[in-house]
Amino acid sequence: MTFEAYEVVVDDSGYEARSRERQALSLGIDRLERLQKGPFSIEDLVESLLYVRRLWTIFIEDLAHPDNGLPDKLRADIISIGLWVVKEADRLREQRSSDVVQLIEINRLIRDAL
């Protein structure tokens, strides 16, 4: 395999990873929008918020890995956003908040930036 062919494979795998991340965020956004529109069961609430929480936990773990290729400042900024998302999802799940709009907006911004 030539170096150029290897670069194409690496570029394609990065593109595919971003595509999967966009799809995962879109699913989370869809779930959050259903909560916003209501009515929903407590099971829907818990499942939707746990999905978003798990997704962002995976993102945070990936960003914190030393082999992550993003610049340190960008990684730190996205980790901070992720920690806020996790905390806000917990607040909603524990019914200490009822405003899902900010979670939807943040997830859209991140998805659209990918």
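Leaving aside neighbours within four places in sequence, which residues is Ser48 in contact with?

## Ser48 in helix α2

The partners are Arg31 and Leu35, once those sequence neighbours are set aside. Keep in mind that we're looking at a predicted model here. Ser48 itself sits in helix α2.

At a relative accessible area of 5%, Ser48 counts as buried, because the cut-off for that label is under 20%. Its side chain also has a polar atom 2.8 Å from the backbone oxygen of Asp44.

## Trp56, also in α2

Helix α2 holds Trp56 as well. Here the relative accessible area comes out at 0%, so Trp56 is buried. Skip the neighbours within four places in sequence, and Trp56 still has quite a list of contacts: Leu25, Ile78, Ile81, Gly82, Val85, Val86, Asn107 and Ile110.

Trp84 is 28 residues from Trp56 along the chain, and their C-alpha atoms are 9.7 Å apart.

## Helix α4 and its two faces

Now for α4, which runs over residues 101–113. Its 13 residues take it 18 Å from first C-alpha to last, close to the 18 Å you'd expect at 1.5 Å a residue.

Which residues of α4 are buried? They are Leu103, Ile104, Asn107, Ile110 and Arg111. These residues are on the same side of α4, because they cover an arc of only 135 degrees around the axis. Two of them, Asn107 and Ile110, have already turned up as contacts of Trp56.

## Two loops worth a click

The loop between α1 (3–37) and α2 (42–64) contains Pro39. Take a look at the backbone there: the peptide bond from Gly38 to Pro39 is cis, and its omega is near -20 degrees.

Phi of Gln95 is near 60 degrees, a positive value in a residue other than glycine. Is Gln95 buried or exposed? With a relative accessible area of 59%, Gln95 is exposed, because that label applies over 50%.

Methods:
Residues are numbered from 1 along each chain as its sequence is written. This is a predicted model: local features need pLDDT of at least 70, side-chain atom pairs count only at pLDDT 80 or more; totals for chains, interfaces and linings use all residues. Side-chain values use heavy atoms; hydrogens and water are left out. Helices (H or I, at least four residues) and strands (E, at least two) are DSSP runs, numbered from the N terminus. Buried means under 20% relative accessible area, exposed over 50%, partly exposed in between (1.4 Å probe, protein chains only). A polar contact is a pair of N or O atoms within 3.5 Å; within protein, one must be able to donate a hydrogen and the other to accept it, and residues adjacent in sequence count only if both atoms are side-chain atoms. Contact means heavy atoms within 4.5 Å. The expected span of a helix is 1.5 Å times one less than its number of residues. The arc is that of the directions from the helix axis to the C-beta atoms.
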